[in-house]
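Hello,

Here is the structure I promised to pass on. My notes follow below it.

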Amino acid sequence: MSMDPSLVAESPGAVPGGSGRTAGPGRGSTGGAGGSRSAAGRGFAKYVLAKLGGAAVSLLMVVFSAFFLFRVLGGDPVDALTRDVPTTPAERAALRERLGLDQPLSLQFVHYLQGVLTGDLGQSYQYQQPVTSLIGARLGATVLLTGTALVLAVSLGLWIGTRAGWRQGSTFDKVQVGVSLTLWSAPTFWFGMIVIMVFARYLGLFPINGMVSPYTPDAFWPQALDTLHHLVLPALTMTAVIYAQYVLVMRSSILDEKDADYLVTARAKGLRDDDVRRRHAVPNALLPTVTLVFLQLGGVVGGAILTETVFSWPGLGLLAYQALRIPDLPLLQGTFLFFSTAVILANTAADVVYRFLDPRVRHS
Amino acid sequence: MTTPPDTGTPTPAGAEALRSVRSVVRQRRKAALLRFWAGYRRQPAGVAGLIGMAVIVALALAAPVITNSAGLDVTQATGDRLQPPSAAFPLGTDETGRSVLLLTLWGARISLLVGVTATLLAMGIGTLVGIAAGHFGGWFTGLLMRVTDWFIVLPRLVLAIALAAVLGPSLTTIVVAIGVTSWPGTARLIRAQTLAVEARPYLERARALGAGHWHQMTRHVLPNVMPLVLASTTLEVASAVLAEATLSFLGLGDPARVSWGSMLSRANSSGAITFGAWWYLLTPGLAILVVVLCFTLCGRALEAVFNPRLRGR
């Protein structure tokens, strides 16, 4: 979870001349003929293809490692299935055959691959239901929680990080860095427990857990309001813990831009300090930050697992936790595949969008 | 060279011309260390972190001396269930009547042990991969970096959970799960630094004199990337302690041993929240927070000293 300094160092602070924005697409279309533009287009297509290829390799590695982890390292599923039930050797053999475990490992892998490609992730031990439908049923709750937390954390983090970096060394800066480092150091689940104790147990302002109360009228508005009421504490917890990194990243990004020549020019033109920051520094500092934000999506997934566990929020994280308690290996494997795929796809999308947005990267 | 044999005694300040090779090296190291300390001292947050770290490590080491380990045994618990703080139990008791203060002190040992061991594992892998990827070129580096990038993108906790779940709950499991999932950041950092070192002329000279890969990597590259490894290690201990707490909380730790994460896990499952036993929640959580914060502050200060670009931030 620690910030990767090499990434920060690679941010466009190292790109000569921060004036990339002015050398944007507008100039390219006036200077060169249509030919140069289509060449850039070809480069972009090639880049997208390379990124997609990389993502495909990553996904293959995920699928392969899921198989390796859960089938090879994971022990005998028959043992896990029959743990509480006395079984005869004949019954075990029958179960083995039904699960396809009597076949050689290579053939098992082929079957598993076929299953993954057709959306069949096996049956959950504890629910006796297809893993895919379990994941589908819980997806909405996770998207609601993480979506809310991410929007809050990113917007708050970028805003506060910008202000702190712009006034580096001020009291505001020091306080914000201190708060961020402290929040980053707090375990998510502990923070959640404290929040529950204070706001739900003692103050009684919010429900302790779950997503809806059992006796809410079955109409849209009462349901929505009740869900919102339940959402406040978990969303607050997740935001508090992930927002800190965005503050630090954005602050560092702004510090990279702060002394750039184009800002001196902007000031020399007589622009107000606020305008220099908002119109010139922030757009340039935003781009490397966006990549980092996406790179840290994995951390967000971790935060979701912990927050959902503490608040019994019926999402994918709680599903993974429940699978862990059994342990329900097919379900764990399914959530592992799902989370990893989601993060890899989001990162690839971010890479492509970044390239599209940042002319400095596009033309190099 | 006509240097006199090294007597092992430090050379007097006046006799600079008659210094042996070894004493020159020693002097240079001492000067470098002093310079480093002078730089570090200018980071007030880093100094605070260092002091906090020292106090906590000392308390953890002294736990067997200053406390009686008999109190850790559930059957010999002397207090009532979830008793609020009192003179006998300054931080209250847990759900079996054991002193929370005692548990926290002993928990520090496991939490720090796991944090440090897992970090050493991660640093070992990271440094090896990073230096190899920076030193050799071609498809080998491509492969290593592909794997590294894959590990960076993957959700760490999800991977650690999967790994820990199939290995079964134990202390070793936690160390392996954290170590195996947290090396890629270091590997990238070390690779970048290795590339910078490899471009320097003295390495070319070493190559021309016939130094092998192993010699180049261990004698020239490694000493030069060590400062960065050190800074990275300190930051990594912070996140390893957090990861230990997290995995223990999820029930993947050794159930027989007390760590801060397992304390919070038990607090959660024994209904400390509904009971209102704030002392049981607050103490281990704050302990984690303080340790992680201290290590993070030290790591950031080290980074600032070693990397002039970050100085003054």
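Is A:Lys51 buried, partly exposed or exposed? A:Lys51 is partly exposed, at a relative accessible area of 29%. (Buried means under 20% relative accessible area, exposed over 50%, partly exposed in between, with a 1.4 Å probe and protein chains only.)

Some ground rules. This is a predicted model, where local features need pLDDT of at least 70, side-chain atom pairs count only at pLDDT 80 or more, and totals for chains, interfaces and linings use all residues. Residues are numbered from 1 along each chain as its sequence is written, chains are lettered from A and ligands numbered from 1 in the order written, and side-chain values use heavy atoms, without hydrogens and water.

Salt bridges next. The term means a side-chain nitrogen of Lys or Arg within 4 Å of a carboxyl oxygen of Asp or Glu.

- A:Lys51 pairs with A:Asp351 at 3.3 Å, N to O. This pair links distant parts of the chain, 300 residues apart: A:Asp351 sits in helix 15 (residues 329-357) and A:Lys51 in helix 3 (residues 34-73), both of chain A. (Helices are DSSP runs of H or I, at least four residues, numbered from the N terminus.)
- A:Arg277 meets A:Asp274 at 3.4 Å, N to O. They are 3 residues apart in helix 12 (residues 273-295) of chain A, so about one helical turn separates them. A:Arg277 is buried at 8% relative accessibility, while A:Asp274 is partly exposed at 29%.
- B:Glu198 joins B:Arg207 at 3.7 Å, N to O. B:Glu198 is buried at 13%.

Best wishes

Technical notes:
Helices (H or I, at least four residues) and strands (E, at least two) are DSSP runs, numbered from the N terminus.
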